[in-house]
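Subject: Structure handover

Hello,

Here is the structure for your files. Please open it alongside this note, as the findings follow below.

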Amino acid sequence: MPGYQEIRNAIWRTVVSTEAQILVTVAALVLLAIVVVAVRSVGPRLKEYVDDAVAESLQAGFIALFAAATSLFLISVWRAGWLIERGFDQIDPSRVDVVAVVLSVAVFAAAYTVTRISKNSIRRLSKERGAITNHQQEVAHHVVQLFIFGLGILVVLGIWNVEPGDLLLGAGAATVVFGLAARQTLGAVLAGFVVLFSRPFDLGDWVVVGDEEGIVTDISVFNTQLRTFDDEYVMIPNDIVTDTEIRNRSRKGRLRLETDVGVDYETDVEHAMEIAAAAMDETETPMERPDPNVVLSEFGGSSVVLKLRYYIDNPSARKMWKARTEVISAVKDAFAAEGIKIPFPQRELSGRPEAGGLAVSGVRASEVTDGDDDADGADDAESDGDDGEDAEIDDDRVEREDAVEAEDTTDTDDTEGEE
């Protein structure tokens with residue numbers, strides 16, 4: 001390539017010292033970073049005139065070409081072309097092979113670009129005409145994606161002069177090996193198509209999958225993405241989705257909620273049910289049809305339990321908590337106005353007959369005080385008694401000590417007389 005050799009020789013003549021090589025390298029890398037930032041900043045304007053996928057493909061292609069040119073420039077600056085020549089000598093590619101590689105990369109890049117364009121076109125068609133649902137958008141996109149990439153693979157095989165029929169000869173053994181190595185991934189892919197076509201939920205549905213609960217934000221071939229009510233994103237593999245019980249709270253467009261409240265056993269239950277139903281009718285969030293209703297649930301430990309049942313439309317977590325708050329507040333205020341008691345848990349104590357039973361007596365505060373005073377007096381008396389006993393003990397000890405001293409004195413006098 002005479003042109004490349006002339007450019008290379010010009011670079012060698014210009015950049016001679018190591019310091020110059022380092023300076024030129026830093027400048028080239030800074031220029032590359034500036035170009036990348038500039039191309040990305042132009043993206044929003046470019047998307048106003050062309051499709052998003054086309055704009056992103058143009059940006060990526062331009063950045064890739066500029067990065068390749070920068071790499072060739074730096075190779076020339078550092079005089080490292082001999083490494084590339086040695087690599088090509090080892091590989092020894094022919095002109096046909098190089099062209100085949102370039103065409104293969106171009107085919108897969110074109111297939112990817114077409115799939116992105118088709119996905120955006122499907123979404124735009126759905127928004128403009130409302131012809132298909134979000135779930136059907138995902139199914140159509142994946143079907144088109146498989147078709148386009150399958151077509152691209154056939155074209156690449158044709159470029160490399162490979163007959164598709166020849167690949168089927170070893171397909172049996174290859175399938176077994178590949179299936180054993182990637183059985184979990186293949187299972188997730190197959191489960192993904194099951195989820196896409198069986199439609200247990202759509203994008204935006206409120207679902208419960210196992211222990212996870214949230215809004216479906218994405219359905220791919222490999223996994224399903226949920227956004228929980230704590231604003232966490234959870235990725236669930238589709239093989240787990242198909243093997244787990246799924247509860248869709250949004251499918252019917254309405255959701256029934258239940259709240260339990262207990263009333264005292266002495267309360268007129270029918271009257272309490274009427275008051276609770278009337279209180280729920282005054283709330284705003286629960287639906288008017290079907291009507292909110294109250295049924296008897298069970299005999300509780302300290303109350304008769306009433307079950308308040310009501311519906312919300314277009315179910316969401318926010319609407320659910322709002323409806324429950326309104327119902328609980330309204331019923332509590334209504335019961336308080338009517339004097340209906342909501343009891344707290346109580347326990348009944350009893351003692352065994354052979355142990356003398358259980359005696360419970362009430363003692364007034366004055367009696368407790370008097371008892372305390374009496375107890376204090378008794379304690380003082382006992383204390384005085386103890387002091388008296390201590391005094392007697394001390395007197396006895398003094399008398400014994402005096403007797404011992406007297407004996408010692410007598411013995412001393414007798415000894416002096418003898419002397």
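Is Asp231 buried or exposed? Asp231 is exposed, because its relative accessible area is 58%. The terms work like this: buried means under 20% relative accessible area, exposed means over 50%, and partly exposed lies in between (1.4 Å probe, protein chains only).

Two notes on the source. This is a predicted model, in which local features need pLDDT of at least 70, side-chain atom pairs count only at pLDDT 80 or more, and totals for chains, interfaces and linings use all residues. Residues are numbered from 1 along each chain as its sequence is written, and side-chain values use heavy atoms, with hydrogens and water left out.

Asp231 and its loop

Asp231 sits in the loop between strand S3 (223–227) and strand S4 (233–237). Helices (H or I, at least four residues) and strands (E, at least two) are DSSP runs, numbered from the N terminus. The phi of Asp231 is near 60°, a positive value in a residue other than glycine. Most residues other than glycine have a negative phi, and most peptide bonds are trans. Asp231 also forms a salt bridge with Arg227, at 3.5 Å from N to O. A salt bridge here is a side-chain nitrogen of Lys or Arg within 4 Å of a carboxyl oxygen of Asp or Glu. Arg227 is partly exposed, because its relative accessibility is 29%.

Other salt bridges

The whole structure has eight salt bridges. Side chains of opposite charge can pair when their charged atoms come close.

Asp313 pairs with Lys319 in another salt bridge, and their closest N and O atoms are 3.3 Å apart. Asp313 is partly exposed at 31% relative accessibility. Lys319 is partly exposed at 25%.

Backbone points to check

Asn314 lies in the loop between strand S8 (304–313) and helix H12 (317–338). Its phi is near 45°, a positive value in a residue other than glycine. Asn314 counts as exposed, because its relative accessible area is 56%.

Where is the cis peptide bond? It joins Arg289 and Pro290, with omega about 0°. Pro290 is in the loop between helix H11 (269–281) and strand S7 (293–299).

Buried residues and chain contacts

Val304 is in strand S8. Val304 is buried, because its relative accessibility is 8%. The C-alpha atoms of Val304 and Asp264 are 6.4 Å apart, although the two residues are separated by 40 residues along the chain.

Thr115 is in helix H5 (residues 95–129). At 2% relative accessibility, Thr115 is buried. Thr115 and Leu146 are 31 residues apart along the chain, and their C-alpha atoms are 9.1 Å apart.

Surface patches

Patches are made of residues with over 30% relative accessible area and no salt bridge; like charges are joined within 9 Å, and nonpolar side chains (Val, Leu, Ile, Met, Phe, Trp, Tyr) within 5 Å. Accessible areas come from the Shrake-Rupley method with a 1.4 Å probe, and for residues only the protein chains shown count as cover.

Ile22, Val26, Val30, Ile34 and Trp78 make a nonpolar surface patch of about 460 Å². Ile22 lies in helix H2 (residues 18–47). Ile22 is partly exposed, because its relative accessible area is 46%.

Asp211, Glu212, Asp230 and Glu232 form a negative surface patch. Asp and Glu count as negative and Lys and Arg as positive, while His and the chain ends are not counted. The place of a charge is NZ of Lys, CZ of Arg, CG of Asp or CD of Glu. Glu212 is in strand S2 (residues 212–219). Glu212 is partly exposed at 31% relative accessibility.

UniProt record

The unreviewed UniProt entry lists "transmembrane region" for residues 20–39, 60–78, 98–118, 139–160 and 172–197. Such annotations may be inferred rather than shown by experiment, and the positions are given in the numbering used here. In the model, residues 20–39 are 100% helix and 0% strand, with end C-alpha atoms 28 Å apart. Residues 60–78 are 95% helix and 0% strand, and their end C-alpha atoms lie 27 Å apart.

Best wishes
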